[in-house]
Amino acid sequence: MEITAELIAQTVAKVMAAGATKPTASGMGIFEDVDSAVTAARKAYKEYLGCSLKFRGEVVQAIRDLACVEENLRYMAEQGVAQTGMGNVPDKILKNRLAALLTPGVEELVTGAWSGDDGLTTIELSPFGVIGAITPTTNPTETIINNSIGMLAAGNAVVFSPHPRAKDLSIWLVTKINEALDAVGAPANLVTMVREPSIEHTNELMCHPEVNMLVATGGPGIVKTVLSSGKKAIGAGAGNPPVVVDETANIEKAAKDIIDGCTFDNNLPCTSEKEVIAVDSICDLLIFNMQKHGALLLTDPEVLDRLQELVIKDGHPRTEWVGKSANAILEGLGITPPPGIRCLIMEVELMHPFVQTELMMPVLPVVRAKNVDEAIDWAVICEHGNRHTGIMHSTNVNSLTRMGKLLQTTIFVKNGPSFAGIGVGGEGYICFTIAGPTGEGLTSTSTFTRKRRCVLVGGLNVR
Ligand code: NAD
């Protein structure tokens, strides 16, 4: 092969990407087959049982520190976009940083107690053992950081089954976590995965007798599969978050919040605004203000048909367009993007595929309802009973209450962008595994524990 300047440049770029941080020790936490990954995690879990809570705190801190190294944050974001073809680098840097900083740790392990004439009884939160965690392509490293911190803080070991498209980056991160844990003296292989994730390997993981709990973050297929496994399973599934805007809202703020939330990481988060239902009397004003904040209003029916053909197939978004920018989608339509466009909007009917499909891209349909009650009823239809996320812009307490009651979503954001619901600009901790179907809500350390009662009869009541 001829050594050209171009070949040298390509090789340097490849080495720079691979070595954004110091070289990783090969094999740490990475196994060729599922049984070896689970067996190693089981051994680690048993050793970890003998470690103090204080030490668990150090383990959690080691993961936080590793993930917050600036060059690691940049590497995860750049490679996340490069390998999955989804999202954007600045928002992925933010998501990973917040996963590292705002995921709860051991402080959640609060003991309950009764003491009385018959002695002392405690309720302690104990680990499950080995957890099989299936992670999505949309938040590949964010979910591994978030799950690792919560699961290890709870005293478990974890075997990850990442999406095959995020394989190389997941191997990199699991190796890095093992290096960081090794440096603080943790048992080897508290976090493992197989080198070649696949549906077959995921199924093997789910059936493995040494796996005590399954946590699936992904679409309806994988959630249904883990719930049929016969094991304790947590399902964090799909959403299609509607936003309702009524005539009592601050319309300019609502428009900005909606565009900010909808465009966050190119609309990849399962919590992001996916359709707007606006009351007729303020709908034009809302659209006008959305345009001021970077929305391009598409009105030509022929363009809308072509957009539908481009991004939807058989009722599902086409993967190649998931998490792409508005500009890329416009270019896909053969339209030169005007400057400053963040999102494509269009006015459509309630049952339009743009409204009813979880698109996960900055294509945001607007539906006009005659009044707030109709808007709320339609939001319920759009949410498909996922019980995931809903957003409302209103200052009418009765309407906010009605929406919350009827929608029954795990997250309900009022008068803010959707990401406020996961602790970004809203109160509360961050979470990338939002368990609507199984009801645990925004999972964290205590979710990954078993409650155990410990009874000492006739003593230690000192009152
Ligand atoms: P996906 O369902 O295609 O994949 C998720 C994971 O499941 C991957 O690791 C994949 O390899 C695995 N998987 C999928 N089907 C499987 C099967 N039949 N057997 C074994 N393994 C299987 O989802 P995705 O495209 O990676 O992520 C996007 C979806 O996840 C969206 O629907 C989004 O709403 C949802 N999501 C939900 C949350 C949440 O917290 N509720 C978070 C992120 C993403």
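This is a predicted model: local features need pLDDT of at least 70, side-chain atom pairs count only at pLDDT 80 or more; totals for chains, interfaces and linings use all residues.
**Interface between domain 1 and domain 2**

Two salt bridges are counted between domain 1 and domain 2, a salt bridge being a side-chain nitrogen of Lys or Arg within 4 Å of a carboxyl oxygen of Asp or Glu. Residues are numbered from 1 along each chain as its sequence is written, and side-chain values use heavy atoms, with hydrogens and water left out.

The domain assignment, of an automatic or database kind, places residues 5–237 + 441–455 in domain 1 and residues 242–427 in domain 2. The centres of the two domains, taken over C-alpha atoms, are separated by 31 Å. Contact (heavy atoms within 4.5 Å) joins 16 residues of domain 1 to 18 residues of domain 2. The area buried between the domains is about 1200 Å², with carbon and sulfur atoms giving 62% of it; buried area is the accessible area (1.4 Å probe) that two parts lose on being put together, summed over both.

Eight residue pairs, both members at pLDDT 80 or more, are in polar contact across the interface, which requires a pair of N or O atoms within 3.5 Å; within protein, one must be able to donate a hydrogen and the other to accept it, and residues adjacent in sequence count only if both atoms are side-chain atoms.
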